[in-house]
Amino acid sequence: MIAEYGHVALIIALCLSVAQAIVPMAGSFAGYRTWMRLGHSLALGQLVFVAISFACLTGAFLQDDFSLQYVANNSNTLLPTQFKISAVWGAHEGSLLLWALILAVWSAAVALFSGHLPLVLSSRVLSILGAISVGFGLFILLTSNPFARILPFSPTEGGDLNPLLQDFGLIVHPPMLYMGYVGFSVAFAFAVAALIGGQFDSAWARWARPWINSAWVFLTIGITLGSWWAYYELGWGGWWFWDPVENASLMPWLVGTALVHSISVTEKRGAFRSWTLLLAILAFSLSLLGTFLVRSGVLTSVHAFANDPERGIFILAFLGLVVGSSLLLFALRGPVVQRQQGDAEVVSYSGLSREMMLLLNNVLLVSAMAMILIGTLYPLIADVLELGKISVGPPYFNFFFVPMTLGLMVAMGFAVFSRWKKTDAQMLRQKGMVPFLISLGAALILPLFLAESMSWKAYSITAAITLGASFWVVTMSIEDLWQKLDRGSSKRGSRLKNLTKLPGSYWGMQVAHVGIAVCALGVGLSSVYDVQKDVRMVPGDRVEVAGYEFAFDSLDFVQGPNFGASRGQISAYKNDRLVAVLYPEKRKYEARNQVMTEAALDAGLTRDLYVSLGEPLKGDAWAIRLHVKPFVRCIWLGGLMIGLGGLLSVMDKRYRRRRQSGAKLSAQSAAAEAVTQ
Amino acid sequence: MNRLTLFIPFALCLALGAFLFFSLGKDPLDLPSALVDEAFPEFALEELHEPERQLSTDDFDGQVLLVNVWATWCFACRVEHPWLNSLAKEGVVIVGLNYKDHRKLAQDWLQERGDPYQFSIFDPRGVLGIDLGVYGAPETYLVDAEGIIRHRRVGVVDERVWNEEFRDLYQQLVDEANAE
């Protein structure tokens, strides 16, 4: 029964979202305030019913109701409880339900926290969100119903969750990622509402900005978690594979990053208006495109099962409708939005202004996105044009992405320092000199030390470039901070006072930029100094890798809840001192009879020790892979810092102010401006 | 900004949509049509029950037959299995292609559920699967007396599917083979 309740709740939610899509929008044109206000209640109601539906599916998993096709395919009586819950979003149908739930959460959040917005705007935003959720509701109910029963011959035992997904990473990674993906729907709805209303100004940017930033924070953290999960769970120590699923999440992130920057120009300077709108539409479109690519089966390998072309058609039609109509609206209404520009002043800026730097940032980020999009879709395009089946691999992506990232980092150092309208080139040269010299020094000297400590590798140009770029970003950020503190009188204590006056968005920017540097440092150094050895070992053997000695102590058999595992014990020594004891496993999951490599690792800021069991060889011997990965942790530390930066920016006080008189508001923003400059 | 440049994103979106639409037409499920009316790919693999026995297309022996791709990990295979058993009883020749599986498990599975296969090709690494373009298990191919694939079904073959897609074609092929 519980599944039927879930099914019915989902249908009710769909009906509510239809009303949510139509009523407030109609009200906004007819001027009926009650109709417009109804959007808020409908959004909350929709959340309640989607949540009930989601809870019912979770209940079905907890009760091992294998008469549900979806549960039978993805669960098993032996599956530990926490994975029964995460199995709810472990496959197609449930992850779509999670999508719908998160969309409902965002809509409800908009309904609750939009009291300071003009009712016309908030009702239109909610209506557009409602329309999106109609699309997803229909998609779930028509093509991917998680509540479908297998009757009358329902199985007594389920097929089990894919062992790769039986992991903490899967519990947290998809919800985070979806919070980001779906969060961009709010940015999208704001953009479309602005296009419909023709009102698009600094106030709009100030309202939309916290929503955009928070979606971007979730996406950042989601991608970071995904990469971390791939690193420890896939068992061979890679952390990014440029596969279509990853690219699908990186593309909206890149556009989202561009959006986060361009909207600051729109807010502070009133420029880049249509560009900001376009990016907002694009970020969500790419999220949908990602869903299409992953779910339609056009890009999955031969090993994927049960892909349904009907689903692909549905998502494509939905994608076409959402993206096509919004871009058409953009093309038709864009001039109206631009015309407002002339109302106050002509926005002008010189070649060396902050506007220009942010434009450069946007161009680089969007080009990076375009090149990933081309790389991801090229196999499809080649197939359609009958050029044969081609796959595009990491070399292509690295070839473009690495130089672009370095370019971004160099520009980032300058950008932090630049000023709106016009930057004094003389000042830039003066203040940039010290950071430049420090970075140059770091680039030249540090690789020598690293080469020394990392098992006598040769001097590495890649490491030098990475270090130089990272130091450049960090030192320029510090220099800028220092200058801000120095401003005003030279009285004692004024620095501290200035420190407390800096707005949250400034700290956000600083933390996120340093995060980029840390992440780049991790990527560069770990790929240069990574040492890996595949060895044959019997218990008792010792092998030396990059200054560490690994001793294979013993091998045991352990029984888990739904798997049996061979578990090795490997001790790592440095200079004869025990550093870590590692327990890599080779698991065999009983239900699907699938073998999984569970790597063991000892994490540290400057290096990870990473050990995985390969195949058993003759006798007691095992093929074992030993890894020493310097600085690999910095990749995710950097990712988290970027997310934290976004969070600080979201929490900036100026977005939390309620309705205020225009004069007061502009006085305050002028004051904030004075501090930021 | 020129009014028309605002339409560029829309135009790009249309172009991309068209590409995606055509690649949907090229969906892996449609690929098999390329193999229909082509010869069954050559292979050299072990028999499931008799590892020492090497199988190839010669073992098809000029019979009209079904090649059924299955595995123990494949849920839907359990669903279609009873129907395959009854087809075998009617005298339809079925060859099993055990796909990406473990020998012992597969043997036990057939022991338990009945073995409708004249013989079973054991393809643990999916070599033949790649040549055939196997999309997922279960899949069923109808091969004529000349060893040409005449029909392919991705997914379960049950009574309904058999009657709709296979029965007439199968009968026609058998009649042709007998007439020669």
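Predicted model: local features only at pLDDT ≥ 70, side-chain atom pairs only at ≥ 80, totals over all residues.
Residues are numbered from 1 along each chain as its sequence is written, and chains are lettered from A, with ligands numbered from 1, in the order in which they are written.

Chain A is divided into domain 1 (1-152), domain 2 (170-341 + 358-412), domain 3 (424-522) and domain 4 (531-631), with bounds that come from an automatic or database domain assignment. The C-alpha centres of domain 1 of chain A and domain 2 of chain A are separated by 23 Å. Their contact takes 24 residues from domain 1 of chain A and 25 residues from domain 2 of chain A, where two residues are in contact if their C-beta atoms, placed from the backbone, lie within 7 Å. On the side of domain 1 of chain A that touches domain 2 of chain A, helix 4 (81-86), helix 5 (92-112) and helix 6 (119-143) of chain A each supply at least two residues, and helix 6 of chain A gives the largest share, 10 residues. Helices (H or I, at least four residues) and strands (E, at least two) are DSSP runs, numbered from the N terminus.

The largest nonpolar core has 132 residues, and those with the most contacts inside it are A:Ala187, A:Phe190 and A:Val255. Such a core is a set of buried Ala, Val, Leu, Ile, Met, Phe, Trp, Tyr and Cys residues joined through C-beta atoms within 7 Å; a residue is buried if 20 or more other C-beta atoms, placed from the backbone, lie within 10 Å of its own, exposed if 12 or fewer, and partly exposed in between. Helix 7 (residues 168-197) of chain A gives the most to this core, with 18 residues. Leaving aside neighbours within four places in sequence, A:Val255 is in contact with residues including A:Leu279, A:Leu286 and A:Met369. Apart from this core lies another, of 63 residues, among them A:Tyr232, A:Val473, A:Met537 and A:Phe552.

Four strands of chain A form an open antiparallel sheet in the order 1-10-9-8, two strands being paired if DSSP finds at least two bridges between them. Strand 1 (531-537) and strand 8 (600-602) of chain A stand at the edges with a single partner strand each, so one side of each is left without a neighbour in the sheet. Strand 10 (residues 622-630) of chain A pairs with strand 1 of chain A over seven bridges, and A:Val531 has A:Val628 as its bridge partner. Strand 9 (residues 607-616) of chain A pairs with strand 10 of chain A over eight bridges, and these two strands form a hairpin with five residues between them. Seven of the nine residues of strand 10 of chain A are buried, so this strand is largely enclosed by the rest of the structure.

Chain B has five helices and seven strands. Its radius of gyration, taken over C-alpha atoms, is 20 Å, well over the 16 Å that the globule rule gives for 180 residues, so chain B is more spread out than a compact globule; the rule is 2.2 Å times the number of residues to the power 0.38. The C-alpha centres of its domain 1 and domain 2 lie 38 Å apart.
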